[in-house]
Amino acid sequence: MDISGVNGVSNVLNQNNVQKVDNKNGNVEESFASMLNNAINEVNETQVDGYKAMENIATGKVENLQEAVQKIEEAELSLKLALEVKNKAMGAYKQIMAMQV
């Protein structure tokens, strides 16, 4: 079974937007697109680890069952958190768009 993760996420977030920007104090900060891209990549990595752990359990290759279940739970929780953040962001966007000028 091929577990390649989320394909095309990098294309959605244009790589030109993934950069660091200088603020007025001269400090370098990550752009919002870069932070979002990093968060999506982290969620993707936990999902891939969770699927690999499930595959190892199913095939009997797991050495530590507790660790495998922990990876699966971590993947589930990270995906739920990402979905809730997305839902909140979409709700805020809809509220802003509904405001009268």
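**Figure 1. Ser78, a buried residue of helix α3 in a predicted model.** Ser78 has a relative accessible area of 15%. Ser78 counts as buried because this value is under the 20% cut-off. The residue belongs to helix α3, and the structure shown here is a predicted model.

**Figure 2. Surroundings of Ser78.** Leaving aside residues up to four places away in sequence, Ser78 touches Val43, Thr46 and Gln47. Ala39 and Ser78 are separated by 39 residues in sequence, and their C-alpha atoms lie 10.0 Å apart in space. The side chain of Ser78 also has a polar atom 3.0 Å from the backbone oxygen of Ala75.

**Figure 3. The salt bridge between Glu76 and Lys80.** The structure holds one salt bridge. Glu76 and Lys80 form a salt bridge, in which the closest N and O atoms are 3.3 Å apart.

Figure 4. Glu76 has a relative accessibility of 35% and counts as partly exposed. Lys80, at 46% relative accessibility, also counts as partly exposed. Each is placed in this class because partly exposed covers the range between the buried limit of 20% and the exposed limit of 50%.

Figure 5. Phe32, Leu36 and Ile40 make a nonpolar surface patch of about 280 Å². One of these residues, Leu36, is found in helix α2, which spans residues 32-59. Leu36 is partly exposed, with a relative accessible area of 35%.

**Figure 6. Confidence along the chain.** The average pLDDT of the chain is 83, and 71% of the residues score at least 70. Confidence is highest in helix α3 (residues 65-98), with a mean of 96. The lowest confidence is in helix α1 (residues 9-12), where the mean is 46. Across residues 7-18 the pLDDT is below 50, and this stretch has 15 contacts in the model beyond near neighbours in sequence.

Definitions and conventions. Residues numbered from 1 in each chain as written. Predicted model: local features only at pLDDT ≥ 70, side-chain atom pairs only at ≥ 80, totals over all residues. Heavy atoms only, no water. pLDDT = per-residue confidence, 0-100. Helix = DSSP H or I, 4+ residues; strand = E, 2+ residues; numbered from the N terminus. Contact = heavy atoms within 4.5 Å. Patch = residues over 30% accessible without salt bridge, like charges linked within 9 Å, V, L, I, M, F, W, Y side chains within 5 Å. Areas by Shrake-Rupley, 256 points an atom, 1.4 Å probe, with all protein chains shown as cover. Salt bridge = Lys/Arg side-chain N within 4 Å of Asp/Glu carboxyl O. Buried < 20%, exposed > 50% of the residue type's maximum accessible area, 1.4 Å probe, protein only. Polar contact = N/O pair within 3.5 Å; in protein donor to acceptor, adjacent residues only side chain to side chain.
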